[in-house]
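Dear colleague,

I am handing over the structure below, and after it I set out what was found. Please read the notes with the model open beside them.

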Amino acid sequence: MDTFVYMDYHATTPVDPRVMEAMLPYFTERFGNPASRQHRQGWVAGEAVERARASVARTIGAAAREVVFTSGATEANNLALKGMSATLQKRGDHIITVRTEHNSVLDVCRKLEKNGFRVTYLDVDGDGLVDPGDVAGAITGKTILVSVMLANNEIGTLQPVGEIGAICRSRGVAFHTDATQAVGKIPVDVGSLQVDLLAMSAHKVYGPKGVGFLYIRRTGSRLAPVSQIDGGGHEGGLRSGTLNVPGIVGCARALELAAAEMEAEGLRLSGWRDEMLRAWETSPGDVRLNGHPTRRLPNNLNVSFPGVEDNLLMMNMKDVAVSTGSACSSSKPEPSHVLSALGLPRGVAGSAIRFGLGRFTTEEEVRYVTGRVAEEVMRLRELRGMKGAGARNRKISRTPSTTTTR
Ligand code: PMP
């Protein structure tokens, strides 16, 4: 049987046919440049972009004028962090973030350090959670910006962004969240999260690649990041360059669909996800859940099979697309910075596999992957001569003693 199951929905998702349908006219008959204000083609494209902006804003509880379209979340994170630190540099030089952030935040922070800013990288506990008290404790009179992601792309852990937002607002510090993995999967409202900036990317929610946005709070705030791409003054001067009209239309349609289907989809995927883990606890046994057991994305399952090297397991399951960590760093042999930050023993971190379920996952696929993984893990453990291969009814080895709490 020529089976291939895609279970790497955190890396990217296929474009939903309904999104594709919405985008298509903007490649052909409605191909105008929204910056062309003198003719109908330009107006039609411009109206489509403004409709999309209003729609995207609605899904996160923002106003249309607070949304700046970008090429994705990497660019949105760059604009938020580089742009806001440039805006606020007269006030201070200190930035706070977390060790488990995506590289599009961490690499920017490292570059900012080279340019004279000081960055505090907060630790997380064994489940990947940052303590809001640690954020409060790290804020000084020189702190200008805090950046904490909403949902982790590897372990799915949901950070207490609302609590951190309240702390930042009361201390007058700008707060950015990378919500790339969260929007469309869990309810996201910029008001209750008390964020000033929020990054998002369409290709994580069945929209096209190469488009996303940065939310910038304008209500009660006059602060805006310094633009990082200059040119024709598009997007209110914050991000120049001819707009990706089909992409923007697709981004909005993708988010509308995600909002409408979020609840049912979340229940379906988390149900299957939990069944997979329960099945593996029985066979092959000795499986460890990485990330928080309940405060996590509904479609995320990150587990370690101690004694089975992650890459070996993946290589032996070419019929199943999964990941050993973040796709952006999957070529690196050492455990990802996220798993390392959890304080996992090397054997556990080195055997971690991320399963990302998604809209087009079927029950049949879930059953297939559950069986394939169990079979391969047992086979590889047997090859290593490990005792307990195929052990029945063994309890999940998720003892606090194997994790560190900062
Ligand atoms: N942040 C997170 C949490 C992500 O998962 C990703 C995608 N891997 C990004 C940022 C970067 O998004 P993009 O691919 O749109 O640049």
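**The ligand and its surroundings**

A nitrogen atom of the ligand lies 2.6 Å from an N or O atom in the side chain of D178, a polar contact being a pair of N or O atoms within 3.5 Å, where within protein one must be able to donate a hydrogen and the other to accept it, and residues adjacent in sequence count only if both atoms are side-chain atoms. Taken alone the ligand exposes 400 Å², of which the protein buries 87%, with accessible areas from the Shrake-Rupley method and a 1.4 Å probe. This is a predicted model, in which local features need pLDDT of at least 70 and side-chain atom pairs count only at pLDDT 80 or more, while totals for chains, interfaces and linings use all residues. Residues are numbered from 1 along each chain as its sequence is written, and side-chain values use heavy atoms, with hydrogens and water left out.

On the oxygen side, a ligand oxygen is 2.5 Å from an N or O atom in the side chain of T74, and a ligand oxygen is 2.9 Å from a polar backbone atom of A73. The ligand is surrounded by 15 residues, the closest being T74, D178, Q181, S201 and K204, where a residue counts as near if one of its heavy atoms lies within 4 Å. Helix α3 (residues 73-88) gives the largest share of this shell, three residues; helices (H or I, at least four residues) and strands (E, at least two) are DSSP runs, numbered from the N terminus.

At the start of α8, a side-chain oxygen of N244 comes within 2.9 Å of the backbone nitrogen of G247. S283 and P284 are joined by a cis peptide bond with omega of about 15°, and P284 is placed in the loop between α8 and β9 (288-289).

Elsewhere, Q194 is not a glycine, yet has a positive phi of about 55°; Q194 sits in the loop between α7 (190-193) and β7 (197-201).

With regards
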